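Here is a short briefing on one protein chain. Keep the viewer open as you read.

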Amino acid sequence: MKISLKSGFCLTAAICTLVISSPLAAQQTTEKAAIGTWGVDTTNMSKTVSAGDDFYRYVNEGWLKTAKAPTGIPYIDAFVEVYLSTEQRVGGIIAEARETTDAPGSPEQMIGDFHRSASDMERRNALGITPIASTLSIVAGTTDRNDIARIMAYPWIDGFMGGGVLANANDPTKQMAAVGVGGLTMPSRDYYLADAEPYIGHRKALLEYIASSLRRAGIDNPDARAEKIMALELEIAKRQWSLGQQRDVVAMNNVMTPAQLKAYAPGFPWDVFLAEMQFDTQSQIKVTTDTATRDIAKLFAETPVADLQSFLTYKTLDAWADSLSEPWVQAHFEFHGKRMQDTSERRPAELEAIASVNAALGEEIGKAYVAEYFGASDRAKVQEMVGYLRDTYRARIQKLEWMDEPTRAEALVKLEKVASYIGYPEKWHDRSNVRITADDYVGNQNRLINWVRADNLKKLTEPTRSWEFPYSPQEINAGYSQSKNSITFPAGVLQPPFFDPKADAAVNFGSIAAVIGHEFGHGFDDQGSRSDGEGKIRDWWTKASRAEFEKRTAGLVDQFNQYDALPGLKINGRQNLGENIGDLGGLSVAYAAYQTYVKEKQGGKAPVIGGFTGDQRFFLAWAQLWRNITSEGETRRRTLSDPHSPGEFRVNGIVRNVDAWYKAFNVKPGDKLYLPPERRVRIW
Ligand SMILES: [Zn+2]
């Protein structure tokens, strides 16, 4: 596959800088933005819905009526659109790698051979279940609870007790060993516990999926085993924490010695498990969901060894199904894709293969990706915007009426210490010693998983790696790391509609700047605010300021609790609070930053473009950014397992709290989104 560049696309950074003097000054050029002519496609705007009644549909009605999710993906939104074009580029990088050198351990060899192993369906079909036969016999060979605990520590076996390496929240310069619980096939505990449709039907389908997986693998008594496995998952679900509880960074920060862990959570052979994890020399273990770990350790002791064995057999089949032969891939899709997410059909096999290489060798591909598609000037432009956002947050924190002086001083210190990482990491991992072959898809993945385990163990002996990215460079994402007090914007997200150097400044402030503001905002959301500038969990708030903060955030919880993600399924305002604070702070601060920009660069008056004022364009961009069409199943899955609110409410639920939006669109009492000023939530 050859990469094709759209006409008018920036070929090199050098050419771009000839016409773009400032990252946000595109309206002075005659270049066309990637969307519409200046960044928002106004042909999608509604002629019947008013801004004040439903801003989301006012901006996006035309698109919502015509857009379609691509084959094999249960939704379409800005992330998917950017992903698909990025995937084309990744496909080009893979095709090139396949034709280049075969030197073992070179990125080209690894990428090329991994792709061969993934896309050779003929061989995968011939092998059937053989690639996981050795893992299945390890499970079958267990004879007691010690054996079961030991293999639950293997990185490529999916048990319900797991381990990993996490930042030490009490001293984030170091990493520490951690244990926690898992074990559910469905997206969250609600799917097991809710006594209503569609959950009852989902549980029935899961039981059938488990039984048919065992049957296909030639395991005896598949139906009886499936009943036991299902019953065990149900018991695990009862003991797990909700997503809202798991967001509580203080409640999750339980540090114990191995001896304390054994006394606290008896029933699970911790000595055996920790030794296999190579955690036995650690003096401290982080026990994330402590009461769930304790209760599930007890459940482990009460469950017959034969049932634990059946459970691990099934988990192995489920975890590897989509890397095996056609019947396994199809069955995996029928349950996880179709049943859980309402995806109507599978993605084309050639795209599945590209996605698989991209996920497994994200950095090896990412290095080639940024060399070709991300220039130093892109980084400088985004860095400049980060500066705008930091300056604006600083000015606003300095003036916040509800915050007292001691808390303000701490908040300002934390703000200055937020580190930003843009595009790609300064250092890359060296995985050249991982053997990747053209004929061993499962083995390739196993060896990469083993490499990650070994690398995690190294982290226990090193200072925290500030250079390490949480994403591969081509990923369409952005994030705040609480333990590093840092924000990261990989190259993948720095594309239209998130960031378009050719778009109007108001559009870039209403999109990428608001996204940057969102990530800054996580440092000061309900959880981020519980750690300091060093990333350490520490209460730096006075009682009075904390009470004021919580009064405000409670208003946002109440508002979002009213919104229906689906008929009969409300948004959980508490669970989604951090993301909603991020959106509200991000949009408010980005708006103020835009005002500064207009003052500094446009003589205090933004031009009118296409009949829209600068303020209007700013909010139109935000609404366009979150347009989406999402299947019912996927909306349900996210509402119950993901703290982000659906796009409609990231728009309507946020703008109605921002005074400038009322002014920009002349929103008045009587309009459906209207909130009287005293009910608008203002935090940062
Ligand atoms: Zn967020």
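This is a predicted model. Aspartate 564 is partly exposed, at 36% relative accessibility. Its salt-bridge partner is lysine 570, with the closest N and O atoms 2.8 Å apart. Lysine 570 is partly exposed too, at 43%.

**Salt bridges**

- Salt bridges that share partners tie Asp455, Lys459, Glu462, Arg465 and Glu468 into one network.
- The count for the model is 47 salt bridges.
- Side chains of opposite charge can pair when their charged atoms come close.
- Glutamate 534 and lysine 417 form one of these bridges, at 2.5 Å from N to O.
- That pair links distant parts of the chain, 117 residues apart. Glutamate 534 sits in the loop between α22 (505–522) and α23 (543–561), and lysine 417 belongs to helix α20 (residues 405–417).
- Glutamate 534 has a relative accessible area of 47%, so it counts as partly exposed. Lysine 417 is partly exposed as well, at 39%.
- Lysine 551 and glutamate 548 also meet in a salt bridge, at 3.5 Å from N to O.
- These two residues are separated by about one helical turn, because they lie three residues apart in helix α23.
- Lysine 551 is exposed, with a relative accessible area of 56%. Glutamate 548 is partly exposed, with 25%.

**Zinc site**

- Which residues coordinate the zinc ion? They are His518 and His522, each through NE2, and Glu579 through OE.
- The spacing of the donor residues in sequence is H-x3-H-x56-E.
- Histidine 522 is in helix α22, and glutamate 579 is in helix α24 (residues 577–601). They are 57 residues apart, so the pair links distant parts of the chain.
- Histidine 522 and glutamate 579 are both buried.

**Nonpolar cores**

- In soluble globular proteins, nonpolar side chains tend to be buried together.
- The largest nonpolar core here has 119 residues.
- Residues with the most contacts inside this core include Phe55, Ile516, Phe619 and Trp661.
- Helix α24 gives the most to this core, with eleven residues.
- Phenylalanine 619 is in contact with residues beyond its neighbours within four places in sequence, among them Phe55, Leu587, Tyr591, Val655 and Trp661.
- Another core, of 66 residues, lies apart from the largest one. Among its members are Ile157, Trp270, Val442 and Leu566.

**Four-stranded sheet**

- Four strands make an open sheet with mixed pairing, in the order β2-β3-β5-β4.
- Its edge strands are β2 (161–167) and β4 (255–256), each pairing on one side only.
- Strands β3 (residues 175–181) and β5 (residues 285–287) run parallel and are joined by three bridges.
- Alanine 178 stands opposite lysine 286 in β5.
- Helix α14 (residues 290–302) lies across β2, β3, β4 and β5. The helix runs at about 55° to β3.

**Three-stranded sheet**

- A mixed, open sheet of three strands has the order β6-β8-β7.
- The edge strands, β6 (419–423) and β7 (479–481), each pair on one side only.
- From one strand to the next, the twist averages 20°.
- Five bridges join β6 to β8 (residues 486–490), and these two strands run parallel.
- Isoleucine 422 stands opposite phenylalanine 489 in β8.

**Backbone details**

- Glutamate 197 and proline 198 are joined by a cis peptide bond, with omega about 5°. Proline 198 lies in the loop between α8 (190–193) and α9 (199–216).
- Another cis peptide bond joins proline 496 and proline 497, with omega about 5°. Proline 497 falls in the loop between β8 and α22.
- Asparagine 221 is not a glycine, yet its phi is positive, near 45°. This asparagine is in the loop between α9 and α10 (222–239).
- Asparagine 485, also a residue other than glycine, has a positive phi of about 45°. Its place is in the loop between β7 and β8.
- Is each asparagine buried or exposed? Asparagine 221 is exposed, at 52% relative accessibility. Asparagine 485 is buried, at 0%.

Notes:
Residues are numbered from 1 along each chain as its sequence is written. This is a predicted model: local features need pLDDT of at least 70, side-chain atom pairs count only at pLDDT 80 or more; totals for chains, interfaces and linings use all residues. Side-chain values use heavy atoms; hydrogens and water are left out. A salt bridge is a side-chain nitrogen of Lys or Arg within 4 Å of a carboxyl oxygen of Asp or Glu. Buried means under 20% relative accessible area, exposed over 50%, partly exposed in between (1.4 Å probe, protein chains only). Two strands pair if DSSP finds at least two bridges between them. Contact means heavy atoms within 4.5 Å. Axes are lines fitted to C-alpha atoms, for helices over the stretch in contact, and angles run from 0 to 180 degrees between N-to-C directions. Donors are N, O and S atoms within 2.8 Å of the metal (3.2 Å for Na, K and Ca); water is not among the atoms, so sites may look incomplete. A nonpolar core is a set of buried Ala, Val, Leu, Ile, Met, Phe, Trp, Tyr and Cys residues joined through side-chain atoms within 4.5 Å.
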